[in-house]
There are 2 protein chains.
Amino acid sequence: MRRDLRIDGARLWTSLMAMAAVGATPGGGVRRLALSDEDRKARDLLVAWLQEAGCHVRVDDLGNIYGRRAGTEADAAPVVVGSHLDTVPTGGRFDGALGVIGGLEVVRALADAGAATRRPVEVVCWTNEEGVRFAPAMLASGVVCGRFTLEEAYAARDADGRAFGEELRRIGYLGQAVHRLREAAAYVELHIEQGPVLERAGAQIGVVEGIEGISWNRVEVAGRTAHAGPTPLEDRQDALVAAARIVLGVRALAERIPGVRATVGHLDVSPNAVNVIPGRVLLTTDLRAREAEALGRAAAGLQAVCAEAARGGVEVRAAEFWRSPPTPFAPGVIGAIARAAEERGCATRRLWAGAGHDAKHMADRWPAGMIFVPSAGGVSHNEREWTSPEDCARGAEVLLGTVWRLAGEA
Amino acid sequence: MRRDLRIDGARLWTSLMAMAAVGATPGGGVRRLALSDEDRKARDLLVAWLQEAGCHVRVDDLGNIYGRRAGTEADAAPVVVGSHLDTVPTGGRFDGALGVIGGLEVVRALADAGAATRRPVEVVCWTNEEGVRFAPAMLASGVVCGRFTLEEAYAARDADGRAFGEELRRIGYLGQAVHRLREAAAYVELHIEQGPVLERAGAQIGVVEGIEGISWNRVEVAGRTAHAGPTPLEDRQDALVAAARIVLGVRALAERIPGVRATVGHLDVSPNAVNVIPGRVLLTTDLRAREAEALGRAAAGLQAVCAEAARGGVEVRAAEFWRSPPTPFAPGVIGAIARAAEERGCATRRLWAGAGHDAKHMADRWPAGMIFVPSAGGVSHNEREWTSPEDCARGAEVLLGTVWRLAGEA
């Protein structure tokens, strides 16, 4: 550990807040949907900062942005750090942005100290991590890591029917396939925890051991539209009543199966009028677990919940549209993170990530790991997301120490 | 009963189907929201037909259309027949339209037979009966009958923020206050039942004794937006889970309190993303009963359901935004309908209307009544709404017979 190699916490915070101004919402959060005009502005800002930090910037055919700081061994596989800049519709200032700006701050710190590394260091900003505008989530890292095809990504459409490929071209971030990440000695992603575990434990740094498995289902409830007034109870095929049973049944899955979290986040009613019995409801379910067996039990439980809700003529169909198995991280990367935190005297805690991250796809192909910092109140995907300047700087310090170990002093 | 005074069933059906073509949906229904371009086209068609039938047409400052056939006593209060031409978003071909076209067919039949009445006969088409685009329902008849002010009506806004008054002007149906209905000897509305009672009883004509009371509430559920992955069960303030409890609680009110119907027809989730715990849900409730006491018990029950759903930090507020008390019809009009049906040998049944109708406001001011014809399967507010040509013609025959009694042979 070189004593002169330090993160500039004030500069990191200033950059984070400048990025948060792009797509800022009146409620203090950020709305920066993937491939929107706000996403374009955020990308422009990042590219300018990476170039100022002396990085060579390239953009691949998924719109992923890479800023490369050369190592002394030109051909060595790089150590890659990063995250994403897109947000959910009413997101916060830290989810994703901290990992990208934290990575930027690492190369800035290396440049400030004139510190050479044996391996190149690359800062990456992945396209469409959230999956809210274009499903599935982590789409672009998934293509780079061989999980999805380029054609699948380009064909993904948002709710208004606009295709990923067209929007990428529209915002001017359609780069070349030759620029994709081809090899990595390691991938390290700094991120807010998005849960209350570190804060409650009084821990400063989370050493992440892996990412929980996720299953997303689309559930279609088909009843019969009828007038809310004259239709007797026994004649009703109320799709919303059945959907309400499913919402509560999904909640009960999480109460019943240890280690499982279950959420209905999206629900649309049709025709959605005060005096019309709903004829159709579309909803999504989000199931998560660290163990594949628990995830399987939850998925089977969902089918049972749907079957139970289908009564009195109401039909229910559930179909999984995305599944990501539980993914343990690389022991070598976990160890480097733990030692970097220890060197800096941080209070650490080992935990699993409940949210999906681009690190999941990277871990399928190369050694990967994640560093968590506390989220106030465990709140995220929310305008009130908050991590203190000190916690952000501490996370970036541990990221810097990890990169220094993995990239090798020259 | 004059033997030569007959409804032309084929002409009635042809007119009904021509009207159903205005705003026709691919599913065989009609989408003709109040004051939309489709509503304008429907109005133009009606005005042309009324003029062809020899009526004097006028439009009032609410956009209500009146077609008047003179009586032999020029100053006598008219017998008014009619209904509405607006529909719910995926409505059927009969709800509303049958009463307007049925009224048109009555004046056509009088003209064909050269039959003079002592009182004038007026066919009315009321604006915005459904209340789906502009709340509350039956807005324009409510102003004419003194229930709402003109200012309230003009200020009503749709979901896109467009005002009733502006839209009325936009479609060219902003008439003059002097043209409003000022007096009525009686009001008779022909309508489909919108329930299964007549069909099940094998009855051809429903003699309606009154309209049930209705209470509409807006319920706001405020939880906390958070990430669906890392947020533990005990930390969740899931607005949709609370809303689901309300939906089932409202359903249970109808199961528990005799004579009450209860529906959640509208429900919006925010931010409505697959991996975000819902922070806010807005829903509406629709409660109905024939007895004021039962309606009051249901309204109190709704408050209890909301209080019970507010737990774990989730807040729930319910506010009534519309109430219409139970309304019995005039014995004289009920009797005229019953005798007209009897003369024609119809199998009749007495019943109450579970849906609101413009006849409710009219009954508050003048003697009013309604004639129901069967709805196949009790289905309405649905594209598959169906009443046979024979049932439509039979209903119009009874309407003609009722008008003939109430308007008086000259």
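Me: Buried or exposed: which is A:Leu35?
Reply: A:Leu35 has 26 other C-beta atoms within 10 Å. The cut-off for buried is 20 or more, and this is a predicted model, so the call rests on predicted positions. That count puts A:Leu35 in the class called buried.

Me: Where does A:Leu35 sit, given that its phi is positive?
Reply: Phi of A:Leu35 is near 65°, and the residue isn't a glycine. Most residues other than glycine have a negative phi. As for its place, A:Leu35 is in chain A, in the loop between helix 1 and helix 2.

Me: And B:Asn128, how many other C-beta atoms lie within 10 Å?
Reply: B:Asn128 also has a positive phi without being a glycine, with a value near 55°. You'll find B:Asn128 in the loop between strand 4 (121-126) and helix 4 (139-144) of chain B. B:Asn128 is buried, and the number of other C-beta atoms within 10 Å is 31.

Me: Which residue does a cis peptide bond join to A:Ala135?
Reply: Most peptide bonds are trans. The bond in question has an omega of about -5°.

Me: What is omega for the peptide bond from A:Ser270 to A:Pro271?
Reply: A:Pro271 is placed in the loop between strand 10 and strand 11 of chain A. The bond from A:Ser270 into A:Pro271 is cis, with omega near 0°.

Me: What span would you expect for helix 2 of chain A at 1.5 Å a residue?
Reply: Helix 2 covers residues 37-52 of chain A, 16 residues in all. From first C-alpha to last, helix 2 of chain A reaches 23 Å, which is close to the expected value. At 1.5 Å a residue, counted over one less than the number of residues, the expected span is 22 Å.

Me: How wide an arc do the buried residues of helix 2 of chain A cover?
Reply: The buried ones are A:Glu38, A:Asp39, A:Ala42, A:Arg43, A:Leu46, A:Trp49 and A:Leu50. They sit on the same side of helix 2 of chain A, because the arc they cover around the axis is only 135°.

Me: Which exposed residues are on the face of helix 2 of chain A turned away from its buried side?
Reply: On the buried side, the residues of helix 2 of chain A pack against helix 1 (9-20), strand 1 (56-59), strand 2 (65-69), helix 3 (97-113) and strand 4 (121-126) of chain A. The face turned away carries A:Ala48, A:Gln51 and A:Glu52.

Me: Which residue just after helix 12 of chain A takes a positive phi?
Reply: Helix 12 spans 389-407 of chain A and reaches 26 Å, close to the 27 Å expected. Helix 12 of chain A is mostly covered, with 17 of its 19 residues buried. Just past it, a phi of about 80° turns up at A:Gly408.

Me: How far apart are the centres of domain 1 and domain 2 of chain A?
Reply: Chain A splits into domain 1 (9-210 + 327-407) and domain 2 (213-324). Six residues of domain 1 of chain A are in contact with seven of domain 2 of chain A. Taken over C-alpha atoms, the distance between the centres is 34 Å.

Me: What rotation superposes chain A on chain B?
Reply: The shift along the axis is 0.0 Å, and the RMSD is 0.1 Å. The two copies are thus related as by a two-fold rotation axis. In chain A, the C-alpha nearest that axis belongs to A:Ala244, 2.2 Å away. The rotation is 180°.

Me: Why do the copies meet through the same surface, and what percentage of the interface residues of chain A shows it?
Reply: Contact involves 53 residues of chain A and 54 of chain B. The copies meet through the same surface because the interface residues of chain A are also interface residues in chain B, and the share is 100%.

Me: Which element gives the largest share of the side of chain A that touches chain B?
Reply: Elements giving two or more residues to that side of chain A include strand 9 (261-263), strand 12 (280-289) and helix 8 (239-256). By class, the side of chain A that touches chain B has 27 nonpolar, 18 polar and eight charged residues. The largest share is nine residues, and it comes from helix 8 of chain A.

Notes:
Residues numbered from 1 in each chain as written. Chains lettered and ligands numbered in written order. Predicted model: local features only at pLDDT ≥ 70, side-chain atom pairs only at ≥ 80, totals over all residues. Least-squares fit on C-alpha atoms with pLDDT ≥ 70 in both. Contact = placed C-beta atoms within 7 Å. Helix = DSSP H or I, 4+ residues; strand = E, 2+ residues; numbered from the N terminus. Nonpolar A, V, L, I, M, F, W, Y, C, P; charged D, E, K, R; others polar. Buried ≥ 20, exposed ≤ 12 C-beta atoms within 10 Å, placed from the backbone. Arc of directions from axis to C-beta. Domains from an automatic or database assignment.
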